[in-house]
Amino acid sequence: PFYALLAYVMLIPFEELAVFQSLGTPTRLAGILFFATYLFHRRFQINLRVMPVVAWLWLFWITASLIWSPILKWDFYFQGVQLFIATLLISDYVSRFPQKLGGIFNGYTISAALIALFGIYNFFSYAGTADRFTAESRISGIEGQGVETFAFSLIPAFLIAFHRTIRPKHKSWQWLNISLMLLFALGMILSG
């Protein structure tokens with residue numbers, strides 16, 4: 001299940017790269033692959049206590065809010081439940097295999113660095129235009145990706161690099177993490 005989880009995590013910044021009519025995105029397909037392989041691997045035995053009480057209260061709240069909502073938005077509800085289940089399964093996996101967390105973080109950071117480079121390239125490809133610093137010139141990494149999604153996908157990678165900068169396992173990697181922090185910060189700034 002680790003490689004399916006790694007593929008899922010690495011595809012998150014590239015969510016809008018491709019959308020298949022009936023299947024969704026490659027990220028969703030990788031997530032389904034991880035969920036299926038992990039549930040099969042664990043024989044459907046998941047530790048529900050890995051989620052804090054606040055998370056369960058949040059799930060109860062969004063479910064209860066369907067009662068008083070004037071317009072029922074089932075697609076948003078099911079998306080929230082899917083994200084909750086994904087968080088539950090990933091939390092269970094990490095609680096059982098904490099040594100794999102570094103590889104998961106590395107995979108996400110590499111993927112976010114690629115999308116940040118694409119976004120920065122997109123910004124500087126418009127360097128000759130006069131309206132470079134307007135709301136319309138806000139950039140994202142790939143076609144169809146919202147600028148807010150682009151910036152949001154860089155935040156976890158920025159925090160990972162920040163943590164690894166202030167608490168490095170190896171001093172020689174500290175400059176790499178500082179460079180990554182600057183890359184992610186520049187991408188977020190250029191996204192507007």
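**Entry 1: Ala116**

I started at Ala116, which touches Phe150, Leu154, Leu183 and Phe184 once I skip its neighbours within four places in sequence. Contact here means heavy atoms within 4.5 Å. I'm working on a predicted model, where local features need pLDDT of at least 70, side-chain atom pairs count only at pLDDT 80 or more, and totals for chains, interfaces and linings use all residues. Residues are numbered from 1 along each chain as its sequence is written, and side-chain values use heavy atoms, with hydrogens and water left out.

Ala116 lies in helix H5. I looked up its relative accessibility and got 0%, so Ala116 counts as buried. For that term I use under 20% relative accessible area, with exposed over 50% and partly exposed in between (1.4 Å probe, protein chains only). I also checked Ser140, which is 24 residues from Ala116 along the chain; their C-alpha atoms are separated by 8.3 Å.

**Entry 2: Thr109**

Thr109 is in helix H5 too. Is Thr109 buried or exposed? I find it buried, at 8% relative accessibility. Not counting residues up to four places away in sequence, Thr109 touches Ala157, Ile160, Leu180 and Phe184.

**Entry 3: the overall fold**

I counted seven helices and zero strands, and the pattern along the sequence reads α-α-α-α-α-α-α. Helices (H or I, at least four residues) and strands (E, at least two) are DSSP runs, numbered from the N terminus.

The C-alpha atoms fill a box of roughly 55 × 50 × 30 Å along the principal axes. Of the 192 residues, 35% are buried. I also looked at contacts between residues at least 6 apart in sequence: 68% of them join residues at least 24 apart.

**Entry 4: helix H1**

Which residues of helix H1 (residues 2–11) are buried? I list Phe2, Ala4, Leu5, Leu6, Tyr8 and Val9. Their cover includes H2, H4 and helix H5 (101–125).

Phe2 has a charge over its ring: the charged end of Lys100 sits 4.8 Å from the ring centre. The cut-off for that is NZ of Lys or CZ of Arg within 6 Å of the ring centre and within 35 degrees of the ring normal.

**Entry 5: aromatic pairs**

How many aromatic pairs does the structure hold? I get 12. Rings of Phe, Tyr and Trp (its six-membered ring) pair if their centres lie within 6.5 Å; planes under 30 degrees apart are stacked, over 60 edge-to-face, and the rest tilted.

I looked at Tyr38 and Tyr93, an edge-to-face pair at 5.5 Å centre to centre with 75 degrees between the planes. Tyr38 is in helix H2 (residues 26–41) and Tyr93 in helix H4 (residues 74–96), so this pair ties together parts 55 residues apart in sequence. Tyr38 is buried at 0% relative accessible area, and Tyr93 is buried at 3%.

Then I took Trp56 and Phe84, with ring centres 4.9 Å apart and planes at 70 degrees, so I call the pair edge-to-face. Trp56 lies in helix H3 (residues 53–68) and Phe84 in helix H4, so the pair links parts 28 residues apart in sequence. Trp56 is partly exposed, with a relative accessible area of 31%, whereas Phe84 is buried at 6%.
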